[in-house]
Amino acid sequence: GTSGRQIFQPLHTLRNAEKELLPGYHQFGWQPALKNVSSSWDVGIIDGLSGWTTFVEDVPADTISRRFRYDVALVSALKDLEEDIMEGLRERGLDDSICTSGFTVVVKESCDGMGDVSEKHGNGPAVPEKAVRFSFTIMSVSIRVEGEDDGITIFQEPKPNSELSCRPLCLMFVDESDHETLTAILGPVVAERKAMMESRLIISVGGLLRSFRFFFRGTGYDEKMVREMEGLEASGSTYVCTLCDSTRAEASQNMVLHSITRSHDENLERYEIWRKNPFSESADELRDRVKGVSAKPFMETLPTLDALHCDIGNATEFYKIFQDEIGEVYQRSNPSREERRRWRSTLDKQLRNKLKLKPVMRMNGNYARRLMTREAVEVVCELVPSEERREALKRLMDLYVQMKPVWRSTCPSRDCPDQLCRYSYNSQQFADLLSTTFKYRYDGKITNYLHKTLAHVPEIIERDGSIGAWASEGNESGNKLFRRFRKMNARQSKTFELE
């Protein structure tokens with residue numbers, strides 16, 4: 001990297017060529033005009049609290065927040081892709097002078113809270129300063145031509161998980177758990193998004209005015225954020241899944257056979273039932289009727305599986321299995337804390353010596369990727385006394401390694417067609433192994449991500465064509481940049497060097 005040289009300049013010193021890349025530069029219009037959104041197009045960075053009607057009694061939100069107006073940001077992103085769009089038309093042999101309407105743009109939305117972003121000034125008390133970033137990625141542009149049923153894709157984002165394709169829309173200093181403030185700031189964004197779905201954007205592309213319609217898919221959320229946005233109970237709930245109505249106990253009994261039932265509209269209906277209790281039921285009966293929807297869904301997300309956190313969640317689970325296998329938990333009941341701690345340090349020591357894997361406080365993506373390998377399981381097996389258990393562990397990891405590329409890759413039908421075909425079979429084998437050999441861990445309980453990995457992957461891929469492409473990774477990478485701009489290097493120094 002460029003150390004010591006400040007490469008990011010303040011806005012007012014940017015050259016004109018650079019200003020073109022910022023929202024608010026290009027002229028556009030909407031047909032019909034957007035409801036409740038001003039028609040001016042030269043709008044740059046605005047206060048994140050604008051669009052918030054304040055009453056005398058209202059306490060203004062105690063936060064700093066900046067954003068672009070959603071439509072202005074989308075125009076900027078499309079103009080950025082202007083050459084790609086024109087090229088796509090040419091490659092498909094379409095006459096660009098005829099193609100002026102019928103364009104469809106699919107947008108992936110991501111939103112993620114980030115922990116400690118306080119300024120680093122040496123010492124003093126750490127102030128809890130948290131931020132939330134909301135951003136979007138243009139995933140594809142397609143066009144419907146007269147007489148054709150299907151749209152023709154003229155642009156597809158080749159790197160949907162790069163921070164380069166992930167465009168920030170709103171930055172706020174808010175704790176993601178502060179639901180009131182978060183929803184207050186994102187409220188105007190939701191309103192703008194809703195207005196845009198009922199209208200067409202008219203913008204000049206390749207020298208001609210063309211009209212675009214937008215589809216928004218909120219898939220770049222981790223489970224915590226999805227539950228918050230969709231009015232579901234927190235992730236420790238008996239309702240284990242954001243895609244189906246299964247309870248944790250059911251999910252551990254029947255690991256594989258579930259289908260996706262939840263949706264934003266259904267969540268809204270269930271919230272109304274929760275609010276009104278039309279059948280005058282007891283709290284428990286009511287909760288069971290609405291399957292854990294107990295708050296008003298705020299923003300529509302598309303129920304999916306978040307590939308990055310899936311990796312992390314499952315690696316945490318395997319780490320615990322490794323720990324339990326070292327202590328042979330399968331043949332004894334509730335070991336003491338001390339014993340568990342001993343197995344854990346044995347495991348950490350082994351991973352550090354053989355794989356150079358430093359123990360981490362909280363599982364992260366890189367650690368998860370290194371842990372979930374055949375090589376790691378070989379190393380762990382050196383500590384497992386019974387040959388039979390070693391075989392089971394290796395088989396477990398072997399199945400996992402075959403399943404993983406399916407929900408990881410951007411385009412599984414192209415990148416790993418065989419694993420995609422075998423996925424349901426593999427997940428069934430995996431589930432059988434867990435419910436027999438590793439029954440001591442899965443009796444009546446299962447983690448959220450493991451349930452989704454086993455039960456929902458094929459169905460999501462059938463619907464969306466990919467899980468990896470729709471993950472929150474681009475936004476997560478953008479978090480790094482955010483820290484970089486704040487000249488902030490949190491989470492690098494004091495990690496767990498204490499032995």
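Helices (H or I, at least four residues) and strands (E, at least two) are DSSP runs, numbered from the N terminus. I worked with a predicted model: local features need pLDDT of at least 70, side-chain atom pairs count only at pLDDT 80 or more, and totals for chains, interfaces and linings use all residues. Residues are numbered from 1 along each chain as its sequence is written, and side-chain values use heavy atoms, with hydrogens and water left out.

**Entry 1**

I began with the loops. Asn-277 sits in the loop between helix H7 (264–276) and H8. I read its phi as near 45°, a positive value in a residue other than glycine. Glu-328 belongs to the loop between H9 and H10. Glu-328 is not a glycine either, yet has a positive phi of about 45°. I then checked the peptide bond from Gln-31 to Pro-32 and found it cis, with omega near -10°. Pro-32 is part of the loop between strand E1 (28–31) and strand E2 (45–47). I noted these because most residues other than glycine have a negative phi, and most peptide bonds are trans.

**Entry 1: Arg-287**

Next I looked up Arg-287, in helix H8 (residues 283–290). For burial I used these cut-offs: buried is under 20% relative accessible area, exposed is over 50%, and partly exposed is in between (1.4 Å probe, protein chains only). Arg-287 is partly exposed, at a relative accessible area of 28%. I counted contacts as heavy atoms within 4.5 Å. Leaving aside neighbours within four places in sequence, Arg-287 contacts Glu-233, Ser-237, Thr-238, Tyr-239, Trp-274 and Gly-292. I also checked the spacing to Trp-274: the residues are 13 apart along the chain, and their C-alpha atoms are separated by 7.4 Å.

How many of the eleven residues of helix H2 (residues 70–80) are buried? I found ten, so H2 is largely enclosed by the rest of the structure. The buried set is Tyr-70, Asp-71, Val-72, Ala-73, Leu-74, Val-75, Ser-76, Ala-77, Leu-78 and Lys-79. I followed this to Phe-136, in strand E5 (residues 131–143). Phe-136 is buried, with a relative accessible area of 1%. Its contacts, not counting residues up to four places away in sequence, include Tyr-70, Ala-73, Leu-74 and Ala-77. Val-107, Lys-108 and Glu-109 are also among them. Phe-136 and Cys-170 are 34 residues apart in sequence and 9.8 Å apart in space, C-alpha to C-alpha.

**Entry 2: H9 against H10**

I turned to helix pairs. Axes are lines fitted to C-alpha atoms, for helices over the stretch in contact, and angles run from 0 to 180 degrees between N-to-C directions. Under 35 degrees counts as roughly parallel, over 145 as roughly antiparallel, 65 to 115 as roughly perpendicular, and the rest as oblique. Helix H9 (residues 307–326) and helix H10 (residues 337–355) pack at about 110°, axes 9 Å apart. H9 and H10 are therefore roughly perpendicular to each other. From H9 come Tyr-319, Phe-322, Gln-323, Asp-324 and Ile-326; from H10, Arg-340, Trp-343, Arg-344, Leu-347, Asp-348 and Leu-351 meet them. I sorted this contact by class into six nonpolar, one polar and four charged residues. Here Ala, Val, Leu, Ile, Met, Phe, Trp, Tyr, Cys and Pro count as nonpolar, Asp, Glu, Lys and Arg as charged, and the others, Gly among them, as polar.

Helix H12 (residues 374–381) packs on H13 at an angle of about 165°, with axes 9 Å apart. H12 and H13 are therefore roughly antiparallel. Arg-374, Val-377, Glu-378 and Cys-381 of H12 meet Arg-390, Leu-393, Lys-394, Met-397, Asp-398, Val-401 and Gln-402 of H13. The classes there are five nonpolar, one polar and five charged. I then looked up Lys-404, in helix H13 (residues 387–408). Is Lys-404 buried or exposed? Lys-404 is buried, with a relative accessible area of 15%. Leaving aside neighbours within four places in sequence, Lys-404 contacts Asp-311 and Arg-369.

**Entry 3: Thr-453**

Last, I took Thr-453, in helix H16 (residues 448–455). Thr-453 is buried, with a relative accessible area of 1%. Its side chain makes a polar contact with the side chain of Asn-314 (3.0 Å). A polar contact is a pair of N or O atoms within 3.5 Å; within protein, one must be able to donate a hydrogen and the other to accept it, and residues adjacent in sequence count only if both atoms are side-chain atoms. Not counting residues up to four places away in sequence, Thr-453 touches Leu-305, Cys-310, Asn-314, Met-403, Trp-407 and Tyr-423.
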